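This briefing sets out selected features of one structure for computational work. Please read the points below alongside the sequence and the coordinates.

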Amino acid sequence: QVQLVESGGGLVQAGGSLRLSCAASGRTFSSYAMGWFRQAPGKEREFVAALSWSGGITYYADSVKGRFTISRDNAKNTVYMEMNSLEPEDTAVYYCAARLTHIGSYDYPRAGKYDYWGQGTQVTVSS
């Protein structure tokens, strides 16, 4: 069983920044692929960013490229997402997710390919 706990959400003005964290349990965290997804009210959950077990390969949704950066610290069993130049359209509940086994490059953005999910953290960007 893997537990994921997100933190770092909050209310920020447009143009501001937030740093989300996702702390994971499990002895083999360093082997997990990790992803961030978000869900706005009335919308489907969408892919935001993901990275490989080593952190050497990263993926981003077009809407956040150049503004968000995903990273991980395997020594701390934690994945981060630095969010800059936030826009009201970024308002959503943000979820981190873990994939415990090998994942193909085309599958990183697919929510159904992840095995465990956190409870989510709210990010609200005011205009």
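In this predicted model, four strands form an open antiparallel sheet, arranged in the order E1-E3-E8-E7.

**Pairing of E1 and E3**

- Four bridges connect E1 with strand E3 (residues 18-24) in the antiparallel sense.
- Within this pairing, Ser7 has Ser21 of E3 standing opposite.

- E4 and E5 run antiparallel and are joined by five bridges; Trp36 stands opposite Ala49 in E5.
- The hairpin of E4 and E5 has six residues between the strands, and Gly42 adopts a positive phi near 75° there.
- E5 is also joined to strand E6 (residues 58-60), by three bridges and again in an antiparallel run. The bridge partner of Ala50 in E6 is Tyr59.
- Six residues likewise lie between the strands in the hairpin of E5 and E6, where Gly55 has a positive phi near 85°.
- E5 is mostly covered, with five of its six residues buried.

- Ser17 belongs to the loop between strand E2 (10-13) and E3.
- Is Ser17 buried or partly exposed? Its relative accessible area is 39%, which lies between the limits of 20% and 50%, so Ser17 is classed as partly exposed.
- Beyond its neighbours within four places in sequence, Ser17 is in contact with Val12, Met83, Asn84, Ser85 and Leu86.
- With one of these residues, Asn84, the contact includes a polar one between side chains, at 2.8 Å.
- Ser17 and Arg67 are 50 residues apart along the chain, while their C-alpha atoms are separated by 9.4 Å.

**Aromatic pairs**

- How many aromatic pairs does the structure hold? There are six aromatic pairs.
- In the pair of Phe29 and Tyr32, the ring centres lie 5.8 Å apart and the planes stand at 75°; because this angle is over 60 degrees, the pair counts as edge-to-face.
- Phe29 is buried, with a relative accessible area of 0%, and Tyr32 is buried as well, with a value of 3%.
- The rings of Phe37 and Phe47 have their centres 5.6 Å apart and their planes at 70°, so this pair is edge-to-face too.
- The pair links distant parts of the chain, with Phe37 in strand E4 (residues 33-39) and Phe47 in strand E5 (residues 46-51), ten residues apart.
- Phe37 and Phe47 are both buried.
- Phe37 and Phe47 also belong to a cluster, linked by ring pairs, that includes Tyr114 and Trp117.

**Charged ends over rings**

- Which ring lies under the charged end of Arg19? The charged end of Arg19 sits over the ring of Tyr80, 4.0 Å from its centre.
- The charged end of Arg72 sits over the ring of Phe29, with 4.6 Å to the ring centre.

How values were computed
Residues are numbered from 1 along each chain as its sequence is written. This is a predicted model: local features need pLDDT of at least 70, side-chain atom pairs count only at pLDDT 80 or more; totals for chains, interfaces and linings use all residues. Side-chain values use heavy atoms; hydrogens and water are left out. Two strands pair if DSSP finds at least two bridges between them. Helices (H or I, at least four residues) and strands (E, at least two) are DSSP runs, numbered from the N terminus. Buried means under 20% relative accessible area, exposed over 50%, partly exposed in between (1.4 Å probe, protein chains only). Contact means heavy atoms within 4.5 Å. A polar contact is a pair of N or O atoms within 3.5 Å; within protein, one must be able to donate a hydrogen and the other to accept it, and residues adjacent in sequence count only if both atoms are side-chain atoms. Rings of Phe, Tyr and Trp (its six-membered ring) pair if their centres lie within 6.5 Å; planes under 30 degrees apart count as stacked, over 60 as edge-to-face and the rest as tilted. A charge sits over a ring if NZ of Lys or CZ of Arg is within 6 Å of the ring centre and within 35 degrees of the ring normal.
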